[in-house]
Amino acid sequence: FTSTRDLTMEFELFMVRHGETESNRTHIIQGHLDTPLSETGLEQARLVAKHLAATEFTLAISSDLVRALKTGQSVRDANNSFNEIEVWKVARERSFGEVEGQGVDVMMREVKGKNKDQIFAWGPAGGETGVQFRDRVRQFVKDLGKRVIKLKGNESPKVLVTSHGGFIKDFNMVLVNEFNCSMPCNNGEWGRICPNTGVSRYNMVLDDEGQLQKVVCTQLHFRGHLEGAEYTEPVLYGV
């Protein structure tokens, strides 16, 4: 008999990438640049808000960057279950320092010839390395558990997080590699960039201290709400 910590709380996480920005369309590196949603992005945000309108959220969190926050606000405006959105800087996109505002091709040139481990250790001048960014995503997972455990008493709470393509990709990396999260796909799609306003859903189990014990992804990068709407395929920066 092996004693384990009590698995005391389950919740469902809805992770949503922000709507499209002009920089997404033109493949410009944003990182911490505070770029607004484009008209297309605002429409996408309205569509994902409509898709989630009937979901009863107990807690809503957003990156502090306006493209993510505006997307969260759109969901709130269509949803009667919550008013407040907690703004978390830890949920920001990766910082790309001096290459922010430049084309994706600049980044591709920077990492050309590097192997996987070298790319992970690399970071642009003034930006985060892959290792630093992964540590920040791990911190988000810890912070989320500590915040959600305070909701104890709410039956199976639902939590909304609006964030960024690179952040969601690294979040999935942490869940798969460190928490053995099963994914509803066969070809490693969880390691790709989520489309704008794509929705991923996770059933998560916390122990009594709010530490993540188990997680299953039940939906990955859903974008059915964008059917017939304008949409740009996401690109992977090579990092």
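Helix H7 has 15 residues and spans 20 Å from its first C-alpha to its last. This is close to the 21 Å expected at 1.5 Å a residue, where the expected span is 1.5 Å times one less than the number of residues. Helices (H or I, at least four residues) and strands (E, at least two) are DSSP runs, numbered from the N terminus. The model is predicted: local features need pLDDT of at least 70, side-chain atom pairs count only at pLDDT 80 or more, and totals for chains, interfaces and linings use all residues. Residues are numbered from 1 along each chain as its sequence is written, and side-chain values use heavy atoms, with hydrogens and water left out.

H7 is mostly covered, with 12 of its 15 residues buried. Buried means under 20% relative accessible area, exposed over 50%, and partly exposed in between (1.4 Å probe, protein chains only). Among the buried residues of H7 are Gly165, Phe167, Ile168, Phe171, Met173 and Leu175. Two charged residues, Lys169 and Asp170, are buried as well. They form a salt bridge, with the closest N and O atoms 3.9 Å apart. A salt bridge here is a side-chain nitrogen of Lys or Arg within 4 Å of a carboxyl oxygen of Asp or Glu. Salt bridges that share partners join Arg134, Lys169 and Asp170 into one network.

The largest nonpolar core has 38 residues. Such a core is a set of buried Ala, Val, Leu, Ile, Met, Phe, Trp, Tyr and Cys residues joined through side-chain atoms within 4.5 Å. Leu13, Phe140, Phe171 and Tyr202 have the most contacts inside this core. Two or more residues come from each of strands S1 (7-17), S2 (59-63), S4 (158-163), S5 (199-207) and S6 (212-222), and from helices H6 (130-148) and H7 (165-179). H7 gives the most, with seven residues. In soluble globular proteins, nonpolar side chains tend to be buried together.

Leu13 is in contact (heavy atoms within 4.5 Å) with Leu144, Val159, Val161, Phe171, Ser200, Arg201, Tyr202 and Met204, leaving aside its neighbours within four places in sequence. A second, separate core of 13 residues includes Phe14, Val16, Leu69 and Val199.

The loop between H7 and S5 holds Asn180 and Thr197. Most residues other than glycine have a negative phi. Asn180 is exposed, with a relative accessible area of 69%. Thr197 is buried, with a relative accessible area of 0%.

The whole structure contains 13 salt bridges. In one of these, the side chains of Arg201 and Glu12 meet at 2.8 Å, N to O. This pair links distant parts of the chain: Arg201 lies in S5 and Glu12 in S1, 189 residues apart. Arg201 is partly exposed, with a relative accessible area of 28%. Glu12 counts as buried, at 11% relative accessibility.

Arg25 and Glu22 form another salt bridge, with their closest N and O atoms 2.3 Å apart. Both residues belong to helix H1 (residues 22-26); they are three residues apart and so separated by about one helical turn. Arg25 is partly exposed, with a relative accessible area of 40%. Glu22 is also partly exposed, at 42%.
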